[in-house]
Amino acid sequence: MKFTLSWLKSHLETEASVEDICTALTDLGLEVEGVENPVAKLAPFTIGKVKSAEKHPDADKLRVCQVETKDGPTQIICGAPNARAGITVVIASPGVYVPGIDTTIGVGKIRGIESFGMMCSEREMELSDEHDGIIELPSGEVGDSFADWLAEHDPAKVDPVIEIAITPNRPDALGVRGIARDLAARGLGVMKPREVEPVPAAFPCPISVTIDEDTKDQAPVFFGRLIKGVRNGPSPEWLQNQLRAIGLRPISFLVDVTNWFTYDLNRPLHVFDADKIAGNTLRLHRAKGGEELVGLDEKPYVFPEGATVISDDNGPESIAGVMGGIASGVTEDTANVFVEAAYFDPVRTAYTGRAMKINSDARYRFERGIDPAFTPEGLEHAVRMIVDHAGGEASEVVQAGDIPDVARSYTLDTDRVQSLVGMDIPADVQRKTLTDLGFVIEGDQAHVPSWRPDVLGEADLVEEVARIASLEGLVGKPLRRMAGVPKPVLTPAQNRLRAARRTAAALGYNECVTYSFIDKSSAALFGGGADETMLENPISSEMSHMRPDLLPGLLQAAARNQARGFMDLALFEAGDAFEGGEPGEQQTMVTGLLVGRTGPKDVHGASRSVDLFDAKADAEAVLGAIGAPAKVQIMRGASEWWHPGRHGKICLGPKKVLAVFGELHPKVLRAMDIKGSAVAFTIWPNEVPLPKKAVTTRGALAATDLQAVERDFAFVVDADVEALTLVNAAAGADKALITDVRVFDEFIGGSLGDGKKSLAVTVRLQPAEKTLKDADIEVVSAKIVEKVSKATGGVLRG
């Protein structure tokens with residue numbers, strides 16, 4: 001949002017400097033992003049007087065001028081057609097930077113004759129586009145500052161331009177008057193009244209306006225007046241100067257009026273050429289989808305379904321709240337205009353503008369929420385200005401729909417400023433602050449002005465009071481010390497997540513924080529991409545769905561790093577993955593990813609490609625850090641994005657999965673553009689059982705003085721039986737005694753015959769109460785053989 005100092009002063013009676021105004025604006029929450037002060041760049045330029053101007057001996061279009069400057073008589077060569085003796089000019093001496101030509105002036109020779117400066121045109125000083133000749137001043141003393149001369153004789157050309165950032169919750173500050181209101185409430189001046197005397201109606205309006213019933217929620221009210229006999233042409237100089245200062249190009253008076261009110265009073269308007277409205281009727285309705293319109297920017301647009309359309313008998317004439325159509329736009333020949341002031345629903349306007357890819361000043365304001373109650377008054381302001389400057393006579397006001405009722409009030413509790421903000425502000429000061437901002441105070445009720453859609457509760461009243469009082473006056477106070485030892489504030493789940501992060505980092509992983517949103521194709525690779533997790537309003541097409549797993553984000557990060565030459569990576573992330581769009585349809589995960597090799601090449605050949613056992617070891621380390629039981633089972637059957645034969649699930653039973661580790665499926669790696677091998681692990685911390693007793697110390701070491709016993713078993717099983725199935729069966733024969741089962745041999749062929757193999761395992765028995773006798777060992781051995789036979793169909797090898 002840009003505005004000039006003089007523009008602000010047309011609403012605010014103030015003597016404050018630009019610096020004071022900028023400081024106050026930033027403190028009020030209207031952050032100043034920049035100040036363009038023409039005085040600064042014009043300060044080095046001075047006034048001079050041409051004493052003589054002789055033709056250059058070697059150039060027909062050049063003149064050798066003797067100029068009286070602040071440094072005395074100076075020779076300057078000039079090619080301007082109006083360079084002549086007796087005129088007062090603007091001088092750029094050697095060493096002065098000329099912004100319009102991006103050059104620093106020096107002493108030089110032109111066709112063999114020295115020149116000691118430059119006489120400037122308006123374009124060279126960025127005052128206008130005029131460059132047919134050098135500036136001729138009607139007055140001025142030699143050596144005086146040109147910037148000071150402008151400030152006295154043509155202040156618009158040295159008017160500072162202030163640019164502020166507007167947050168979405170402050171649409172009232174999108175008009176200069178709204179900014180002035182905040183500054184007046186802060187005490188930097190007094191608001192000037194801005195009343196308007198409506199133009200008397202000379203005749204009934206021949207143009208009728210209707211709003212379809214199903215459209216009144218997105219176009220509640222429409223006001224309009226016809227003005228006959230206007231004379232369109234260039235805008236007054238002051239109006240053109242203000243528009244140019246904020247970066248807008250003056251077009252014609254009727255167009256400039258609508259642009260000016262958009263910035264001055266935050267009141268977007270539109271003017272139709274009344275003679276081009278077919279059937280003398282305008283209808284506001286919802287678009288069916290597919291209707292076409294050429295906008296004022298001369299680009300074709302297609303309406304999406306549901307957009308608000310303003311149509312005449314020939315079809316669409318305007319994109320309501322966004323942009324008008326060129327077919328009914330005003331031109332230099334326009335004699336009769338229909339002035340529109342309406343209110344359009346912010347959400348619908350935003351949808352329409354986004355769908356049609358149109359960014360306009362009107363859309364920017366309507367989608368944030370303008371003042372609906374100001375709609376008829378804004379129309380009168382515009383009609384008054386048009387009639388005063390372009391002539392004509394105005395019709396009666398035509399109205400369709402009703403102004404939305406946004407009246408609301410909240411209880412003003414003057415003590416809440418202390419409890420919410422920590423500032424001591426007297427009650428009468430609070431009431432005066434809100435009154436200055438446009439609130440109406442009745443008893444303890446504060447009625448919110450219609451231009452403040454962001455004020456929605458009692459806390460917002462406190463915020464307004466504190467904002468105007470300035471939070472810079474807030475004095476820091478230490479928190480009250482609690483007696484005794486405070487209770488822990490972290491939950492067991494939070495402590496586990498912190499321990500998992502620390503352990504993963506200690507293992508050499510780099511933590512990543514990726515978006516919770518991914519593209520549909522990546523989500524589909526990991527069991528997601530359904531409509532339940534699709535965002536209604538995504539940031540981009542690459543962030544259309546909630547992530548079903550943490551792996552897609554890590555793989556995308558790895559692919560970006562590999563594209564930049566970093567091939568060996570260890571990444572991890574702790575966060576939530578989503579299986580639906582409802583609360584609770586999410587689960588916390590800790591996922592690690594290893595890509596490439598274990599380290600750089602070395603002379604000892606220690607570097608190798610990462611494998612699933614690296615992922616298994618790291619998963620077990622993280623599980624141990626968060627308190628998972630040491631005795632677990634390794635099972636198969638993980639999701640389809642894991643390699644079918646090179647992965648494992650760490651379980652406490654068939655249905656209690658703590659983690660999964662292994663290689664990722666090759667098709668997933670190809671789709672995610674990962675080069676080389678990649679292994680990963682995923683841990684679900686919330687699946688790890690909590691300890692039965694909450695203690696803050698490590699439990700006692702469970703050591704035994706009884707000797708362990710190991711027994712070897714060899715089983716003949718079918719060739720397609722997995723070793724893991726046999727190991728799990730053997731381990732389940734006696735969970736109290738059996739502490740470990742390891743495969744130490746596999747034999748295929750020979751006397752076993754086709755389709756058979758032999759698996760040999762070592763089973764370790766650790767007694768806790770008494771030394772095992774042969775009979776005890778035989779009982780356990782029989783259980784092992786029975787369990788394995790039942791699970792695999794195998795028999796002991798003879």
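**Close-up 1. Where helix α6 meets helix α7.** Trp238, Leu239, Gln242 and Leu243 are the α6 residues in this contact, and on the α7 side they meet Phe253, Asp256, Asn259 and Trp260. Sorted by class, the contact has five nonpolar residues, two polar ones and one charged one. Keep in mind throughout that this is a predicted model.

**Close-up 2. How α6 and α7 cross.** Two packed helices are described by the angle between their axes and the distance between the axes. Here, α6 covers residues 237-245 and α7 covers residues 253-264; their axes come within 11 Å and cross at roughly 55 degrees. Angles from 65 to 115 degrees would count as roughly perpendicular and those under 35 as roughly parallel, so α6 and α7 are oblique to each other. As for handedness, the α6 and α7 crossing is left-handed.

**Close-up 3. Helix α5 against helix α13.** Now we look at α5 (residues 176-186) packing with α13 (residues 458-469): the angle is about 70 degrees, and the axes are 8 Å apart. That angle makes α5 roughly perpendicular to α13. Who touches whom? Asp182, Ala185 and Arg186 from α5 meet Arg467, Ile468 and Ala469 from α13. In this contact, three residues are nonpolar, three are charged and no residue is polar.

**Close-up 4. The buried residues of helix α19.** In α19, which spans residues 723-731, the buried residues are Leu724, Leu726, Val727, Asn728, Ala729 and Ala730. And what do these buried residues of α19 pack against? Their partners are the strands β35 (633-635), β39 (709-718), β40 (738-748) and β41 (756-765), together with helix α20 (774-792).

How values were computed: Residues numbered from 1 in each chain as written. Predicted model: local features only at pLDDT ≥ 70, side-chain atom pairs only at ≥ 80, totals over all residues. Heavy atoms only, no water. Axes fitted to C-alpha atoms, helices over the stretch in contact; angles between N-to-C directions. Helix = DSSP H or I, 4+ residues; strand = E, 2+ residues; numbered from the N terminus. Parallel < 35°, antiparallel > 145°, perpendicular 65-115°, else oblique. Left-handed = near helix turned anticlockwise from the far one by under 90°. Contact = heavy atoms within 4.5 Å. Nonpolar A, V, L, I, M, F, W, Y, C, P; charged D, E, K, R; others polar. Buried < 20%, exposed > 50% of the residue type's maximum accessible area, 1.4 Å probe, protein only.
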